[in-house]
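The entries below follow the order in which I went through them.

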Amino acid sequence: MAQIVVLGSDGWLGSNIHRFYGHDSIGFSGVAVRKLLATHNLRNAFLNIPNVTDDITIINAIGSRYGDKFKMRDANVKTPTELSEICSSLDLHFIHFGSAAEYGLNSEKSKISESMNTSPYSEYGKSKLAGSAKVLEYPRSLILRLFNVVGPDLQSQNPLTDIRLKVESALLNSGTIQLYNSFTVRDFISINLFLRTLKFSVDKKLTGVYNVCSGVPVSFGDIALEIARRIGCIAPTESQLSNQSDFVVGDPTKIRSISGIYEDVDTSAVVDW
């Protein structure tokens with residue numbers, strides 16, 4: 001019997017969740033969800049799901065990182081708001097994926113906990129934060145604030161793929177590895193850790209806000225050098241911004257203390273993923 005419903009099961013994150021749960025999940029594509037919302041039929045679709053357990057969890061993997069602010073607000077604010085209202089009317093557990101971008105940049109270069117102030121600077125971060133705020137109005141909702149999830153067949157628009165392409169370009173053209181800021185520091189987790197954390201969250205019916213992160217700082221410059229070493233590229237890195245560290249690393253203590261889920265992270269592991 002189905003334990004979860006994955007909304008946005010055609011996206012990278014949603015498809016990984018759908019595969020992980022197998023027959024215990026039911027998937028709706030992002031297009032299908034939007035059509036059902038537009039025609040006010042999604043609530044009925046949930047009610048008509050066959051072989052569903054009473055304690056099912058609805059998981060929203062729909063979102064938009066790119067495009068104009070209107071597109072992002074539609075995907076990151078309007079859609080999760082409507083979904084949480086439907087879940088509230090049916091008393092269903094609801095999980096929505098937030099983002100580290102909701103915190104903004106950390107000038108103190110300390111690990112970001114869930115209790116820290118949110119001050120997003122990008123339109124993406126602002127829209128994600130607004131969506132999270134609306135979702136949290138429903139008591140049976142959970143926000144998992146994802147940092148950088150890495151795994152096979154990763155989407156083309158992500159930092160790791162971008163760095164790899166720049167290293168390969170340097171190798172082919174005998175030039176330097178051109179990075180916007182090699183001092184950018186981020187927090188990476190594997191798709192495996194994310195899925196294990198999600199399953200724990202579903203099983204325990206967690207509510208509130210939890211970071212999903214490693215707490216380990218990894219710089220873009222170090223990633224570039226590790227990829228270069230592996231493919232035999234001896235080109236030096238060149239950063240457009242010099243000595244301006246951009247630091248966004250999470251504190252995993254809250255979720256780790258109750259789940260015990262942990263993985264070793266370093267630059268080599270991030271590239272392996």
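**Pocket next to α6**

I looked up the lining of the second largest pocket and found that α6 (159-173) and β8 (184-190) each supply at least two of its residues. Helices (H or I, at least four residues) and strands (E, at least two) are DSSP runs numbered from the N terminus. The model is predicted, so I noted its limits: local features need pLDDT of at least 70, side-chain atom pairs count only at pLDDT 80 or more, and totals for chains, interfaces and linings use all residues. Residues are numbered from 1 along each chain as its sequence is written, and side-chain values use heavy atoms, with hydrogens and water left out.

I read a volume of about 310 Å³ for the second largest pocket. It has 13 lining residues, and D162, Y180, N181, T184 and F220 are the closest to its centre. With four residues, α6 gives the most to this lining. For the terms, I worked on a 1 Å grid over the protein atoms alone: a pocket is an open set of points with protein on both sides within 12 Å along at least five of seven lines, a cavity is a set where a 1.4 Å probe fits but cannot get out, and lining residues have an atom within 4 Å of a point. Points are joined across faces, edges and corners, and a volume is the space filled by probe spheres set on them.

**Helix α6**

I then checked the helix itself. α6 has 15 residues and reaches 21 Å from its first C-alpha to its last, close to the 21 Å expected at 1.5 Å a residue; the expected span is 1.5 Å times one less than the number of residues. L160, I163, V167 and A170 are buried in α6. Seen down the axis, these buried residues fall within an arc of 90 degrees, so they line one face of α6; the arc is that of the directions from the helix axis to the C-beta atoms. L165, L172 and N173, on the other side of α6, are exposed. Buried means under 20% relative accessible area, exposed over 50%, and partly exposed in between (1.4 Å probe, protein chains only).

What do the buried residues of α6 pack against? I found β6 (148-150), β7 (177-179), α8 (220-231) and α10 (267-272), with contact meaning heavy atoms within 4.5 Å. Just after α6, S174 takes a positive phi of about 55 degrees.

**Cores and α7**

I looked up the largest nonpolar core next. Of its 46 residues, I17, F97, L144, F194, L198 and I223 touch the most other members. Helix α7 (residues 191-204) gives the most to this core, with seven residues. A second, separate core has 22 residues, including F46, F94, Y138 and I143. A nonpolar core is a set of buried Ala, Val, Leu, Ile, Met, Phe, Trp, Tyr and Cys residues joined through side-chain atoms within 4.5 Å.

I listed the contacts of I223, not counting residues up to four places away in sequence: L160, I163, F188, V218, T267, V270 and V271.

For α7, I noted 14 residues and a reach of 20 Å from first C-alpha to last, close to the 20 Å expected. Among its buried residues are L193, F194, T197 and L198.

**Cavity**

How many cavities of 30 Å³ or more does the structure hold? I found one. The largest cavity has a volume of about 60 Å³, and residues lining it include L193, T197, V212, C213 and P252. α7 and α9 (253-259) each supply at least two lining residues, and α9 gives the most, with three.

**Helix α5**

I noted that α5 (residues 123-135) has 13 residues and reaches 18 Å, close to the 18 Å expected. Y124, G125, S127, K128, G131, S132 and V135 are buried in α5. They cover an arc of only 165 degrees around the axis, which puts them on the same side of α5. The buried residues of α5 pack against α4 (69-90), β4 (93-99) and β5 (141-146).

**Loop residues with positive phi**

Most residues other than glycine have a negative phi. H40, in the loop between α2 (30-38) and α3 (42-47), has a phi near 60 degrees and is exposed, with a relative accessible area of 69%. D91 lies in the loop between α4 and β4; its phi is near 55 degrees, and D91 is partly exposed at 48%.
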